[in-house]
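Dear colleague,

I am handing over the structure we spoke about, and below it you will find my notes on what turned up when I went through it. Please read them with the coordinates open.

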Amino acid sequence: MIVKNPKFEVSAVSSKQYPTNHLPEVVLVGKSNVGKSSFVNTMINRKSLARTSSEPGKTRQLNFYNIDDLFYFVDLPGYGYSKMSKKEQLKVGEFIEDYLSKREEIRLIIFLVDIRHDPTSNDFLMYDYIIRSGLPFIILANKADKIAKTKVLDYVKNIQKQLNPMGDIVSIPFSSERKVYSDDVWNIIEEYIK
């Protein structure tokens, strides 16, 4: 897909603030600093539409990116960031859960994990939550540029074996640096937003 006119539309913390045009939504979930904002920028071929930061926990709202009036990328706050107060974590957790359980426009969840590390306890919790939600999703093993090309598929298999031993969920590598995997992801997204 060639994206011509992506735009940041709104940051929301409640359903009153969500877009009302009923476009399909592709939701990005993952722990803090796993590269959700970089993923958005890579997919739309822009350097900084989605604000990235080396400091985890920057995203505190749901950020809606309108992709050519075809669909939204919805970037959720990352989980597992310890510097956020317990009260803040609770509040963020509540509006994420509210969004994921009630939003009818969700077509696909892209669950980002760091390819270099075994899934964390928070990753397992999120995986279980998504499974229970019944929403379609894929597992994206991000930061594939940080390991040797020859080892990428082995690392993806390792993550799949831990998170999804049945192997019934698509698990693919991704890298914001090497854009070689973007087409695979676009093919999947296009299937779900038709």
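Please keep in mind throughout that the model is predicted.

On its other pairing, β3 is joined to β4 by five bridges, again with the two strands antiparallel, and there F64 stands opposite V74 in β4. Strand β3, which covers residues 62-67, is mostly covered, with six of its six residues buried. L62, F64 and N66 point one way from the strand while N63, Y65 and I67 point the other way, and all of them are buried. The hairpin of β3 and β4 has three residues between the strands, and in it D68 takes a positive phi near 55°.

These strands belong to an open sheet of seven, in the order β1-β3-β4-β2-β5-β6-β7, with mixed pairing. At the edges are β1 (6-12) and β7 (171-173), each of which pairs on one side only, and the twist averages 25° from one strand to the next. As background, the strands of a sheet pair through backbone hydrogen bonds, in either a parallel or an antiparallel manner.

A parallel pairing is found between β5 (residues 106-114) and β6 (residues 137-142), which are joined by six bridges; within it, the bridge partner of F111 in β6 is I139. Leaving aside neighbours within four places in sequence, F111 is in contact with V29, Y79, D123, M126, Y127, I130, F137, I138, I139, L140 and L163.

With the same exclusion of neighbours within four places in sequence, Y127 is in contact with F111, F137, I139, L163, N164 and I169. Y127 and Q17, by contrast, are 110 residues apart in sequence and 27 Å apart in space, C-alpha to C-alpha.

As for the helices, α3 (residues 121-133) lies across β2 (25-30), β5 and β6, and runs at about 165° to β5. Helix α5 (residues 182-193) lies across β2, β4 (71-75), β5, β6 and β7, running at about 155° to β5. Helix α1 is mostly covered, since seven of its eight residues are buried, a label that requires under 20% relative accessible area. The buried residues of α1 are K36, S37, F39, V40, N41, T42 and M43, and they pack against β2, β3, β4, β5, β6 and α5. Just after α1, N45 takes a positive phi of about 60°.

Which charged residue is buried yet has no salt bridge? It is K31, for which the nearest side chain of opposite charge, D123, is 4.3 Å away; this pair is not counted as a salt bridge because the cut-off is 4 Å between a side-chain nitrogen of Lys or Arg and a carboxyl oxygen of Asp or Glu. K31 sits in the loop between β2 and α1 (36-43), and, not counting residues up to four places away in sequence, touches K36, G78, Y79, L112, T120 and D123.

Finally, some backbone torsions may be worth a look, given that most residues other than glycine have a negative phi. H22, in the loop between β1 and β2, has a positive phi of about 60° although it is not a glycine, and H22 is exposed, with a relative accessible area of 60%. D69, in the loop between β3 and β4, likewise has a positive phi, near 55°, and at 48% relative accessibility D69 counts as partly exposed.

With best regards

Note on methods. Residues are numbered from 1 along each chain as its sequence is written. This is a predicted model: local features need pLDDT of at least 70, side-chain atom pairs count only at pLDDT 80 or more; totals for chains, interfaces and linings use all residues. Side-chain values use heavy atoms; hydrogens and water are left out. Two strands pair if DSSP finds at least two bridges between them. Helices (H or I, at least four residues) and strands (E, at least two) are DSSP runs, numbered from the N terminus. Axes are lines fitted to C-alpha atoms, for helices over the stretch in contact, and angles run from 0 to 180 degrees between N-to-C directions. Contact means heavy atoms within 4.5 Å. Buried means under 20% relative accessible area, exposed over 50%, partly exposed in between (1.4 Å probe, protein chains only). Lys and Arg count as positive and Asp and Glu as negative; His and the chain ends are not counted.
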